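I opened the model to look up a few local features. My notes follow, entry by entry.

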Amino acid sequence: MRHWKEIPLFKDVTYGEWSDWRWQWRNRIETVEELSQVIPLTEEAKEGIRTALQKVRMAITPYYASLIDPDDERCPIRMQAVPTESEVVVKPWESVDPLDEDADSPVEGLVHRYPDRVLFLVTEQCSMYCRHCTRRRVVGVTDKVASKERMEAGIRYIREHEEVRDVLISGGDPLTLGNDRLEWILQRLREIPHVEVVRIGSRVPVVLPQRITGDLAKMLAKYHPLYINTHFNHPKEITPESKKACAILADHGIPLGNQSVLLRGVNNCPQVMKDLVHDLVRIRVRPYYIYQCDLTWGLDHFRTTVGEGLEIMEALRGHTSGFAVPTYVIDAPGGGGKVPISPQYILTMGEGTVIVRNYEGVIAAYHEPSYDPREKYDESGVCKLCGKKHEGSRGLASMLAGERASLIPERTDRLERRKK
Ligand SMILES: *Cc1c(COP(=O)(O)O)cnc(C)c1O
Ligand code: SF4
């Protein structure tokens with residue numbers, strides 16, 4: 001991390017300017033010429049950036065750029081910020097919308113995939129455009145905030161759907177909106193009685209920490225319970241500035257979580273990830289998810305194997321505080337949603353006995369009680385604990401409730417045979 005005065009492009013910048021998020025925003029690095037005054041670029045690197053820029057956006061806040069190690073072409077900060085020509089390479093299994101978000105979108109800018117919560121996309125702009133962005137089909141294309149009509153349509157949908165108890169405001173980056181616009185959204189969501197919690201997903205604490213001011217936090221705190229999930233990927237991103245941003249939010253009672261993406265050459269290493277989760281809990285950010293990199297176009301060079309992810313989880317669970325261990329997920333292509341994956345801890349099971357292994361490989365037998373778990377239901381199948389029938393559920397839950405014996409995928413040979 002360099003002081004900005006050491007960087008030719010910013011040598012005359014005052015402390016007041018540097019710490020002002022509007023200055024940071026206005027002075028984002030968007031061209032090869034500007035970038036070459038911040039880090040040395042080979043002709044090849046310049047050519048690569050120009051090639052990528054024909055297809056994707058670049059914008060790097062001066063703050064985040066100052067974290068780049070100028071002497072290291074493989075610097076993890078650089079890899080997340082500076083495009084390369086690999087981004088124009090598209091593999092056959094990659095797509096524009098691998099999570100099929102558009103298919104689960106009842107109104108523009110709102111994704112309703114899970115029963116009780118929605119993803120509300122309020123802007124398409126970000127303070128920095130991450131090289132690994134999964135939503136690059138929309139993010140940064142026009143740098144625009146959603147229109148008031150679009151936001152109103154989203155809010156109307158939430159109001160009309162009483163099952164929505166959790167609204168996740170995302171984008172783009174919602175914290176790039178001005179306080180007034182953000183408050184307008186929060187106020188309207190809070191007027192809806194069935195909205196119990198509001199979450200904001202934002203990379204601002206990492207790439208534009210100056211935006212997190214006391215005024216912003218005070219405004220957000222009016223709308224509790226409000227959670228913020230941010231996106232640190234590497235220990236180098238934890239700086240005095242990002243630490244201060246998280247402290248301001250935490251001091252205003254906002255629980256902070258972190259979602260990382262596994263990225264080849266950036267953080268696909270058990271030690272780097274362990275350092276990251278330790279640094280996060282020190283700044284009061286609880287590791288929430290580690291994502292397997294989605295199958296979005298142009299990201300093949302960033303993707304890791306799932307085995308590496310499991311190895312990281314193996315290195316965390318048991319080896320460190322339970323609350324520092326995130327859940328590793330694959331966001332299933334085709335809109336299946338997040339699927340948790342984990343090393344296997346149950347080795348086998350027998351009548352009344354479960355054999356488990358711990359993080360060190362110690363093997364232990366757990367003896368189960370011998371009784372009929374169905375004792376909790378009365379004769380009509382009503383649960384004595386919750387007073388309800390465990391029914392009306394779908395998928396696997398309906399099988400556990402005894403409502404169906406099998407679930408068969410649509411396109412199987414046996415179904416084809418049956419049709420004939
Ligand atoms: C990730 C996500 C959510 C929130 O999921 P949680 O597991 O509750 O954090 C909601 N909707 C969509 C479409 C998502 O991708
Ligand atoms: S902040 Fe999030 S939405 Fe914005 S470019 Fe980065 S990954 Fe994409």
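The model is predicted.

I looked for cis peptide bonds first. The bond from Gly-171 to Gly-172 is cis, and its omega is near 20°. I placed Gly-172 in the loop between strand 3 (166-170) and helix 8. I noted another cis bond where His-224 joins Pro-225, with omega about -5°. Pro-225 sits in the loop between helix 10 and strand 5 (226-230).

Then I checked phi. Asp-100 is not glycine, yet its phi is positive, near 50°. I found Asp-100 in the loop between helix 6 and strand 1 (110-114).

**Entry: helix 8 against helix 10**

I asked at what angle helix 8 and helix 10 pack. The angle is about 10°, and the axes run 10 Å apart. Angles under 35 degrees count as roughly parallel, and helix 8 and helix 10 are therefore roughly parallel to each other. Helix 8 covers residues 179-190 and helix 10 covers residues 214-221.

Which residues make the contact? From helix 8 I listed Asn-179, Leu-182, Glu-183 and Leu-186. From helix 10 I listed Asp-215, Leu-216, Met-219 and Leu-220. By class, five of the contact residues are nonpolar, one is polar and two are charged.

**Entry: two domains**

The domain assignment gives domain 1 as 4-73 and domain 2 as 110-340. I took the separation of their C-alpha centres, which is 24 Å. On the domain 1 side, 18 residues are in contact with 23 residues of domain 2.

**Entry: second largest pocket**

I turned to the second largest pocket, with a volume of about 460 Å³. Where does this pocket lie relative to domain 1 and domain 2? Both domains give residues to the lining, so the pocket lies between them.

The lining has 20 residues. Nearest the pocket centre I noted Glu-73, Met-79, Pro-83, Thr-84 and Ser-86. Helix 4 (43-53) and helix 6 (76-81) each supply at least two lining residues. Helix 4 gives the most, with four residues. I sorted the lining by class and got six nonpolar, six polar and eight charged residues.

**Entry: the cavity**

How many cavities of 30 Å³ or more are there? The count comes to one. The largest cavity holds about 40 Å³ of space.

I listed its lining: Asn-258, Ser-260, Met-273, Leu-276, Val-277, Leu-280, Pro-287, Tyr-289, Ile-290 and Pro-326. Strand 6 (256-261), helix 12 (270-282) and strand 7 (285-291) are the elements that give two or more residues to this lining. Helix 12 gives the most, with four residues. The classes here are eight nonpolar, two polar and no charged residues.

**Entry: side by side**

I set the two linings next to each other. Helix 4 is the top contributor to the lining of the second largest pocket, and helix 12 is the top contributor to that of the largest cavity.

Notes:
Residues are numbered from 1 along each chain as its sequence is written. Chains are lettered from A and ligands numbered from 1 in the order in which they are written. This is a predicted model: local features need pLDDT of at least 70, side-chain atom pairs count only at pLDDT 80 or more; totals for chains, interfaces and linings use all residues. Side-chain values use heavy atoms; hydrogens and water are left out. Axes are lines fitted to C-alpha atoms, for helices over the stretch in contact, and angles run from 0 to 180 degrees between N-to-C directions. Angles under 35 degrees count as roughly parallel, over 145 as roughly antiparallel, 65 to 115 as roughly perpendicular and the rest as oblique. Contact means heavy atoms within 4.5 Å. Ala, Val, Leu, Ile, Met, Phe, Trp, Tyr, Cys and Pro count as nonpolar, Asp, Glu, Lys and Arg as charged, and the others, Gly among them, as polar. On a 1 Å grid over the protein atoms alone, a cavity is a set of points where a 1.4 Å probe fits but cannot get out, and a pocket is an open set with protein on both sides within 12 Å along at least five of seven lines; lining residues have an atom within 4 Å of a point. Grid points are joined across faces, edges and corners, and a volume is the space filled by probe spheres set on the points. Domain bounds come from an automatic or database domain assignment.
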